[in-house]
Amino acid sequence: MLLVKQSLVKEDKKSLDPNVVGFESSSSEEENEDKNDIEENEVRLNGALESNNTQEKIKETTNENVLIETVTSNVFNEGSKNIEIVNKENGTNEEQHVKNENQNPPNDKNDVDKTKLSKNKSSVPEVNINNKTPTVFISVDRTTKIQESRLKLPILGEEQIIMEAINENPVVIIAGETGSGKTTQLPQFLYEAGYASNGKIIGITEPRRVAAISMATRVAEELNLTSEKVSYLIRFEGNTTSSTQIKFMTDGVLLKEVQSDFLLRKYSVIILDEAHERSVYTDILIGLLSRIVPLRCKRGDPLKLIIMSATLRLTDFTENSRLFKITPPVINVESRQFPVTIHFNKRTVSDYVKEAFHKACKIHSQLPEGGILIFLTGQQEVKLLVKKLKNAFPNRNKMQKSSTITDKEVEEHLDDELYDAIRRVKKGRKKKTQISLPEINLDNYTLLPGDDTEGDMLDWDSEEDWEEEENDARSTSQPMWVLPLYSLLPSHKQAQVFNKPPEGYRLCVVSTNVAETSLTIPHVKYVIDCGKTKTRLYDKHTGVSAFDVVWASKAAVNQRAGRAGRTSAGHCYRLYSSAVFNDEFPAWSVPEIQRRPVDELMLQMKALGIQRVINFPFPTAPDLLQLQSAERRLELLGALEVNSNNKDKWNSKLSPLGRTMSAFPVSPRFAKMLCLSHQKGLLGYTVAIVAALSVQEFLLAGDKQWIKTRRKWAGVGNSFLLGDVMVLLKAVGGAEYANTKGNLEKFCSEHGLRHKAVIESRKLRLQLTSELNLYIPGLDLVVDPKMEPPTDIQAKQLRQIILSGMVDQVAKKLDDEDLKTAGIRRTKAAYRTPEMEDVIYLPATSVFAKEKPEWIVYQEIYQTDKMYIRGATAIEPEWLPIFAPTLCNLSPVLSDPPPRYDEVKGIPYCHVTGSFGRSGWPLPITDIEFPPSLDRYRWFALFFLDGSVCPKLKKFTKSLLSTPATMIKTWAKLQSRTDTLLNGFASCGVDSSLKLREQWKENKTYLLAEYLKWLPESAHNQVTIIWPPI
């Protein structure tokens, strides 16, 4: 056991109290002014941070204008990697023998001198040795087995260097390959050094929930502590207690904690793990913590920040002077890595799934024992290859059962033989020459290059191409234990990859990129890498998202190759050429924050008090167009107050509605729907809808019976017009009822619901219900397993609520002339949106596929071979001026039909026409609230005079010296009484019954003099007695 001494040091103020970089301004012209204001700002900050009001505290902390100084970055080396490479370009083998201790991309091949790290004065501040606190060491009672396994980890040899760097620096970056033990061991180092003492917590964030749970379990086992001490907290569940000392959580959980406690006072250390994945939440946390750490240091309560990664692009941190004033030290931890031989293909394959199958068959038939790990891009590809490999290498139980054949099985066997014979005949008739496979040779390929974007849309109909390989493979006596691994797979099935395969079986895991870094699968010796990854591409102009299959980064494929060298020397077979790898693979993947909409990100940051998001110190800033689009969408939703000042367009403030929306853990669109549904008493339905819309692939496709059932679920009338959302609502209700009966899994399989998505949406539904009950006193909302379907009126209101959240996602059906011009059949459900020229379609799975309503709103547009709509709901065009007024170009108020007074709402209404969106789609005559203008005051005065506003004045209408209609005449100013009454309303802003009553509460004689001018003197006393006429 290694004893690590911790010296908690009070750092030199000049070294460790850097000026905090503000979010509001960063221009060099303001530098001198900012220097003079620093002390005053710090006093205001400290006063605000001691306030009991959390929101005010956040604003004061984040809104200070302070100095930015340019920092010269230190160059830290990451260590070079050496991999044995076999190049097969011209049939020759070129070998480069390397150590393979770190498999980072060739762009970062510098070395770190760890022995000199703590002496580097440019990155490690001077320490006042007279102010050291006593050494702290927490004893840990580990088992012998655990201790032996820990000693094999490379990070144990770096413990002293790491702890010295952490003790002497506020921020430390640790770069180490997967398998070095950094995730499990670093929290233990900190625990032994006393960082969990005095009521403080060691916090570790993970980008994935599975990793947070499994790491908490593993660390608790190694420290020999209970789950009360080492706990986890993820979005829907957790086991944290008041005595928790080490806390694993997802990055979104920590971001929520920042909203309630900006300085994270209960933490002594924050570890951001897997930072190389560059998730949106991780990037925001890095930016926030770069400001929180110096603030905590100034208040005498230091917080340590540790950024850990496998293949981190260090320049985003070490050369980003906006992020860290003092460049943080970098420690490179060697991994427990054996040599890996890289085999490139002679040519880059097109059908990489089929090629991966061939390669797996060859490895299993000819090469020594060792697990096989195959990297593909998506769930469909994984399932296909798992099925093919299982058929090629069936398990022994099935083979043994075939020895006792019944008459029925004989008949089925003969049918199979006849079917195989027919397929062989068809195969023989093919004109193209079939390539007969020679003796197994891992280096021989004759494959042609093809399209990179096949992905899950590949055509798998031609299965006979696989048969020859399958038949040859069946001659191998050893069976194969084939397991799938992808993110949507249920957790208990994901865990199977860590179990030892049955005796006599070779393990083969077919996985997406989830196995790159997050999970370490034991006993893998052979890696087959297709070189591609499926990523969600987002069009910043149109908002269209599409999953595309593209080349992975060099960093990612090197991570994949490293999986073969965890337990022994291994091999990585790349299904692409070295030329493609060198020329077409990017060095690093694009951070997630630049590949997705940032609406939710902007809303959360505004809620934290960060008004100028453009000045936030992102490790990699989102595109300016992304921020502009997000701010515009939030303004359309009413979450931001529209800023009329063009010079300060980036300083939009959160509206009261936006602040309420930011409290919900869902996208801003869904949060707006929740806010409006409370007014209509429809929260139970909206919570169920939002929970289903917030998860991926709730409804499965493929079975015609499922589609028929869903159309029955849609119902008739407004329920049917609610569309695909009504199907989700029925599915959620049915699943909840089935869960109470213990038949949830059966219900999901029978009706085409993805079981894991149903469970996740149910957890979100429970969470939203709990939070709404917390925010709204006396609500008493419950998850009712016997929830009745909405009535026709309620379904209509739900349609309007959905429109309120999707105001910028409106589509209109193409008419016959447009269809003819575009060359589209009339039977197609084709639509257009105002923002796009391309035609979009309703998929066959939509309940509107046949009916094709004229106007719809949709959840999203996705692209495969065409652009399709997901989650359609029919709307009425006359609703658009009400719920999306800023997107409508409305006509002046129509005189026919004339404006009217709504006695229930107490406001004037009028009729208008107009058009919607950039396309100028014409709108029908619509009855809307009279828009703010002087004419509104005129009409309200008219309704006041005719007794519509105050019924007590109706009996005086016939006695008026002029008719009420005089108020709206063009010559009205010629009579002084009209101008006097109009000024009385306009000067106090009274244009509704509610505002009028408020004025009368303050001044009982309000408008009395103005009204008396309209009456003969004989009626003055009678009016004065009843005034105000409420």
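A crossing of two helices is called left-handed if the near helix is turned anticlockwise from the far one by less than a right angle, and right-handed if clockwise. Helices (H or I, at least four residues) and strands (E, at least two) are DSSP runs, numbered from the N terminus.

Good morning. The structure before you is a predicted model, in which local features need pLDDT of at least 70 and side-chain atom pairs count only at pLDDT 80 or more, while totals for chains, interfaces and linings use all residues. Residues are numbered from 1 along each chain as its sequence is written, and side-chain values use heavy atoms, with hydrogens and water left out.

I begin with confidence. The pLDDT, the predictor's confidence in each residue from 0 to 100, has a mean of 78 for this protein, and 76% of the residues reach 70 or more. Over residues 1–131, however, the pLDDT is below 50, and it stays under 50 over residues 421–464 as well. Where pLDDT is low, the predicted coordinates should not be read in detail.

Let us turn to a helix pair. The axes of α11 (residues 352–366) and α12 (residues 379–392) come within 10 Å and cross at roughly 30°; these axes are lines fitted to C-alpha atoms, for helices over the stretch in contact, and angles run from 0 to 180 degrees between N-to-C directions. The crossing of α11 and α12 is right-handed. Contact, meaning heavy atoms within 4.5 Å, is made by residues including Phe-357 of α11 and Leu-385 of α12.

Next, where does Asn-889 lie? Asn-889 belongs to strand β26 (residues 888–890). Although Asn-889 and Ser-915 are 26 residues apart in sequence, their C-alpha atoms are 5.3 Å apart in space. Asn-889 counts as exposed because its relative accessibility is 56%; buried means under 20% relative accessible area, exposed over 50%, and partly exposed in between (1.4 Å probe, protein chains only). Cys-888, by contrast, counts as buried because its value is 12%.

Finally, I draw attention to the backbone. The peptide bond from Asp-896 to Pro-897 is cis, with omega near 0°, and Pro-897 sits in the loop between β26 and β27 (900–902). Asn-198 is not a glycine, yet has a positive phi of about 55°. This Asn-198 lies in the loop between α6 (182–192) and β5 (201–206). Glu-697, also not a glycine, has a positive phi of about 50°, and counts as partly exposed because its relative accessible area is 44%.
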